[in-house]
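Okay, thanks for making time, everyone.

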Amino acid sequence: MHNYWLEFLTVALVHLLAVASPGPDFAIMLRQALTQSRRNALLSAGGIGLGILLHVGYSLLGIGLIIQQSIMLFTVLKVVGALYLLWIAWHCLRAKPGGIHVEAKGGKVQTSWGAFRLGFLTNALNPKATLFFVSLFSVVINPGTPLLLQAGYGLYMAIATGLWFAMVAVFFTQPRVRRGFSRFGHWLDRLMGGILVLLAGQLLLSTVTGSEPPSVPTTGTDR
């Protein structure tokens, strides 16, 4: 049992470093927190957390290894993920002056389902997350660890991820924080769009050049 605690602490540390690193999840959460209601931002955080369970699920079932070893499947995943990021970036880049809070300027308010779906799809379609969890469950976690315990690790990571981004949502939805960003809110929105374009471009470039083959998993979800 002592070995399992050591394994869990290793998983928790690796996951903490991965979830705290900047990437699509954080960019989307920052934009949600600054342009949507706190409720919608928290729903997006919950969606990102639930997306973790998807990665955990196929990793436990062994499907992740199939994706990792299949060039075609992994290429499709990267292209779909990149196109989704570009779609979000397009909306960010179209931001106009007039205050950062969407509800305050009478714009179209995002639905609760839309907020949750945005968070879920951003994480679920992130191929970096696929590589991270396949690597985690094939290298860090011992194959001899009971399946129920491995599922427990996954549940912990989903909850921890959701809580991390919930804290991001709560902080950036504070009125004083929003007021600090209100004068240049549209520029921040455009900056988020530019970052997402770069991330999508990186995915597409790695697909074309083959610089990140499925057989060499990375160590972070957002790097």
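Let's begin with the aromatics: Trp 5, Phe 8, Tyr 153 and Tyr 156 make up one aromatic cluster. Keep in mind that this is a predicted model. Over the whole structure, a search turns up 6 aromatic pairs. One of those is between Phe 132 and Phe 133, edge-to-face, with 5.0 Å from centre to centre and 85° between the planes. Phe 132 and Phe 133 are both buried.

Over residues 99-107 the pLDDT stays under 50, and the model has 23 contacts beyond four places in sequence for them. Residues 213-223 also stay under 50, and there the model has 38 contacts beyond four places in sequence.

On to the overall layout. The protein chain has 10 helices and 0 strands. Buried residues account for 47% of its 223 residues. And if you take contacts between residues at least 6 apart in sequence, 88% of them join residues at least 24 apart.

Which residues touch the most other members of the largest nonpolar core? Out of 27 residues in that core, they are Met 29, Ile 88, Phe 165, Phe 172 and Leu 196. The elements giving two or more residues to this core are helices H2 (24-35), H3 (38-61), H5 (71-93), H8 (147-172) and H10 (185-209). Apart from it there's another core, of 12 residues, and among them are Phe 132, Phe 137, Ile 141 and Tyr 153. So Phe 132 from the edge-to-face pair and Tyr 153 from the aromatic cluster both turn up in that 12-residue core.

Leaving out residues up to four places away in sequence, Phe 165 touches Val 19, Asp 25, Phe 26, Met 29, Ala 45 and Ile 48. Phe 165 is also one of the buried residues of H8, a list that includes Gln 150, Tyr 153, Met 157 and Phe 172. As for the geometry of H8, its 26 residues should span 38 Å at 1.5 Å a residue, and the end C-alpha atoms are 38 Å apart, which agrees.

Why call H2 largely enclosed by the rest of the structure? Because 11 of its 12 residues are buried. From first C-alpha to last, H2 reaches 16 Å, close to the 16 Å expected at 1.5 Å a residue.

H7 is mostly covered too, with 11 of its 14 residues buried. H7 reaches 19 Å from its first C-alpha to its last, close to the expected 20 Å. The buried stretch includes Pro 127, Lys 128, Ser 135 and Phe 137.

Phe 137 has 10% relative accessibility, so it counts as buried. Beyond four places in sequence, Phe 137 touches Val 56, Ser 59, Leu 60, Gln 150 and Met 157. With Gln 150, the separation is 13 residues in sequence and 8.3 Å in space, C-alpha to C-alpha. The other one is Ser 135, also found in H7, and buried, with a relative accessible area of 12%. Ser 135 and Ser 59 are 76 residues apart in sequence, yet 9.3 Å apart in space, C-alpha to C-alpha.

Last stop: Asn 123, in helix H6 (residues 112-124). Is Asn 123 buried or exposed? Its relative accessibility is 1%, so it counts as buried. A polar atom of the Asn 123 side chain lies 3.5 Å from the backbone nitrogen of Ile 52. Setting aside neighbours within four places in sequence, Asn 123 is in contact with Asp 25, Ile 48, Gly 51, Ile 52, His 55 and Ala 129. Asp 25 and Ile 48 also came up as residues touched by Phe 165.

That's my tour, so over to you.

Definitions and conventions
Residues are numbered from 1 along each chain as its sequence is written. This is a predicted model: local features need pLDDT of at least 70, side-chain atom pairs count only at pLDDT 80 or more; totals for chains, interfaces and linings use all residues. Side-chain values use heavy atoms; hydrogens and water are left out. Helices (H or I, at least four residues) and strands (E, at least two) are DSSP runs, numbered from the N terminus. Buried means under 20% relative accessible area, exposed over 50%, partly exposed in between (1.4 Å probe, protein chains only). A polar contact is a pair of N or O atoms within 3.5 Å; within protein, one must be able to donate a hydrogen and the other to accept it, and residues adjacent in sequence count only if both atoms are side-chain atoms. Contact means heavy atoms within 4.5 Å. pLDDT is the predictor's confidence in each residue, from 0 to 100. Rings of Phe, Tyr and Trp (its six-membered ring) pair if their centres lie within 6.5 Å; planes under 30 degrees apart count as stacked, over 60 as edge-to-face and the rest as tilted. The expected span of a helix is 1.5 Å times one less than its number of residues. A nonpolar core is a set of buried Ala, Val, Leu, Ile, Met, Phe, Trp, Tyr and Cys residues joined through side-chain atoms within 4.5 Å.
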